[in-house]
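Here is a short report on one chain. Keep the sequence and the 3D view side by side while reading.

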Amino acid sequence: MSESTTPGKKGNLTGSARKLKDDAADWHNLILKWERLNDEGSTIATKIVNLGLSKKPDVEPDVVMEGDSLAAGDISETLKRSNQELEEECVKLQDVVDKMANILSKMEKMVHAERGISELEAFQCGEKGRAAPLFHTWSTQQFVEVSSKLYESYKQELALKKTILQELAHTANADLSMVYLSSWLYQPYIEDSGKLLLESLLLETGHRPL
């Protein structure tokens with residue numbers, strides 16, 4: 001029995017077509033979640049940089065003049081509070097990165113599932129694949145290629161995020177801190193081409209009107 005492959009019958013899609021259309025919606029939702037986390041992480045990262053750069057007091061405790069022990073105690077207490085707040089913000093940023101890693105894991109599972117669909121199709125229909133596309137024009141292999149490209153860009157971006165997380169609180173150099181913040185916010189590995197790929201995926205599967 002053949003699968004329903006008519007794009008017009010949106011409610012009647014079955015098998016591979018249903019799975020690929022559901023995956024397209026999942027890509028959209030996961031990327032939206034990632035963007036929200038990126039904004040949240042950017043706010044936290046900015047606070048970490050501000051705390052890190054202000055952690056050094058203008059007067060070091062060991063150069064406070066004799067008789068000014070109270071001032072030294074004030075500085076020590078300020079440093080303690082600053083360090084505690086810095087640690088709390090680092091934990092928050094770690095939580096954001098962990099959530100991003102969870103999103104990437106879901107992306108990876110979708111890529112594996114789509115590869116499985118493509119391999120099954122090749123087994124059933126031969127190397128040329130099915131005679132007619134599941135939706136408008138894409139072959140099943142094109143779905144795999146687009147999903148793989150999206151996954152790889154987010155995989156690289158997550159690796160960058162992890163590096164920024166490790167380095168941010170320990171960087172006393174203001175210029176380097178600004179580079180880290182800019183890299184976090186603008187996500188160099190997720191290019192405009194990725195947004196175009198997602199829109200193409202949504203168009204092909206009928207989530208966006210042609």
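What pattern does the chain follow, read along the sequence? The pattern is α-α-α-α-α. The model is a predicted one. The chain holds 5 helices and 0 strands.

**Overall picture**

The chain has 210 residues, and buried residues make up 36% of them. Take the contacts between residues at least 6 apart in sequence: 80% of them join residues at least 24 apart.

**The core**

The largest nonpolar core has 45 residues. Trp27, Leu93, Met107 and Leu168 have the most contacts inside it. Helices H1 (15–53), H2 (69–125), H3 (140–168), H4 (174–186) and H5 (192–204) each supply at least two residues of this core. H1 gives the most, with 13 residues. In soluble globular proteins, nonpolar side chains tend to be buried together.

Leu168 is worth a look in the viewer. Leaving aside residues up to four places away in sequence, Leu168 touches Ala45, Ile48, Val49, Leu93 and Tyr180.

**H3 against H5**

How do H3 and H5 cross, and at what angle? Their axes come within 10 Å and cross at roughly 145°. The crossing is left-handed. On the H3 side, the contact is made by Phe143, Val146, Lys149 and Leu150. On the H5 side, it is made by Gly194, Leu197, Leu201 and Glu204. By class, this contact has 5 nonpolar, 1 polar and 2 charged residues.

Next come single residues. The table lists their relative accessible areas.

| Residue | Relative accessible area | Class |
|---|---|---|
| Ser153 | 12% | buried |
| Ile117 | 12% | buried |
| Ser42 | 13% | buried |
| Ala101 | 26% | partly exposed |

Start with Ser153, which is found in helix H3. Is Ser153 buried or exposed? Ser153 counts as buried because its relative accessible area is 12%, and buried means under 20%. Ser153 touches Tyr189 and Ile190, not counting residues up to four places away in sequence.

Ser42 lies in helix H1. Ser42 is buried, at 13% relative accessibility. With residues up to four places away in sequence not counted, Ser42 touches Trp184 and Leu185.

Ile117 sits in helix H2. Which residues does Ile117 touch, not counting those up to four places away in sequence? They are Ser16, Lys19, Leu20 and Thr140. Ile117 and Ser16 are 101 residues apart in sequence. In space, C-alpha to C-alpha, Ile117 and Ser16 are 6.6 Å apart. Ile117 is buried, with a relative accessible area of 12%.

Ala101 is found in helix H2.

Conventions
Residues numbered from 1 in each chain as written. Predicted model: local features only at pLDDT ≥ 70, side-chain atom pairs only at ≥ 80, totals over all residues. Heavy atoms only, no water. Core = buried A, V, L, I, M, F, W, Y, C linked by side-chain atoms within 4.5 Å. Buried < 20%, exposed > 50% of the residue type's maximum accessible area, 1.4 Å probe, protein only. Helix = DSSP H or I, 4+ residues; strand = E, 2+ residues; numbered from the N terminus. Contact = heavy atoms within 4.5 Å. Axes fitted to C-alpha atoms, helices over the stretch in contact; angles between N-to-C directions. Left-handed = near helix turned anticlockwise from the far one by under 90°. Nonpolar A, V, L, I, M, F, W, Y, C, P; charged D, E, K, R; others polar.
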